[in-house]
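Biologist: I'd like to learn how to read a model like this one. Could you walk me through it, with the general idea before each case?

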Amino acid sequence: MAAGRVDLSAAERAIRYEFDPIANEWKSTMPCVSIDPKPFAVGSMRRAYRLHDMSRSGKEAEFVAKLCVDQKENPSVYWNDVQTQAIARLWAQKFNNHPRAPPKKIDFLVAFVLELIDRP
């Protein structure tokens, strides 16, 4: 899928889980997404794919989906990574809002677990 082009025939139903560190709970939505069939990058632990969330538009719809290279990886790895990222993002926001704020703001990307519900 080239930038700006969405393959509607590849649309998949999904459940998006995002961790809310203030409420200490997982929240979910059900978008339709399209994921490139080929990764654009491969590391030692993850493959990276372009993902388009069809419930959003423009740049807000473009994401990177990361899948473990090891298909037998325990799913808790994903959940723990996302939860850690959300907590780190909250602490970064608190740090940035401190009266003696840093000269440069810090931030963490919003991360979420995406369950592709039509896949086996």
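Modeller: Helices (H or I, at least four residues) and strands (E, at least two) are DSSP runs, numbered from the N terminus. A word on the source: this is a predicted model, where local features need pLDDT of at least 70, side-chain atom pairs count only at pLDDT 80 or more, and totals for chains, interfaces and linings use all residues. Residues are numbered from 1 along each chain as its sequence is written, and side-chain values use heavy atoms, with hydrogens and water left out.

Biologist: Which residue of strand 5 is the bridge partner of V33?

Modeller: That's D53. Strand 3 (residues 32-35) and strand 5 (residues 46-53) pair in the antiparallel sense, over three bridges. Strand 3 also pairs with strand 1, again antiparallel, over two bridges; there, C32 is the bridge partner of R13.

Biologist: How do I read burial along helix 1?

Modeller: Go by relative accessible area: buried is under 20%, exposed over 50%, partly exposed in between (1.4 Å probe, protein chains only). In helix 1 (residues 76-96), the buried residues are V82, A86, L90, A92 and N96. They sit on the same side of the helix because they cover an arc of only 160° around the axis, taking the directions from the helix axis to the C-beta atoms. T84 and W91 are exposed, on the face turned away from that buried side.

Biologist: What do the buried residues of helix 1 pack against?

Modeller: Contact means heavy atoms within 4.5 Å. The buried residues pack against strand 1 (12-20), strand 2 (25-29) and strand 7 (113-116).

Biologist: And how many aromatic pairs are there?

Modeller: Rings of Phe, Tyr and Trp (its six-membered ring) pair if their centres lie within 6.5 Å; planes under 30 degrees apart are stacked, over 60 edge-to-face, the rest tilted. The count here is four. Take F63 and F112: their centres are 5.3 Å apart and their planes at 85°, so this pair is edge-to-face. F63 lies in strand 6 (residues 62-68) and F112 in the loop between helix 1 and strand 7, so the pair ties together parts 49 residues apart in sequence. Ring pairs also link Y17, F19, W26 and W79 into a cluster.

Biologist: Which charged end sits over the ring of F112?

Modeller: The rule wants NZ of Lys or CZ of Arg within 6 Å of the ring centre and within 35 degrees of the ring normal. For F112 it's R16, 3.8 Å from the ring centre. The charged end of K94 sits over the ring of W91, 4.9 Å from its centre.

Notes
Expected span 1.5 Å × (residues − 1). Pairing = 2+ DSSP bridges.
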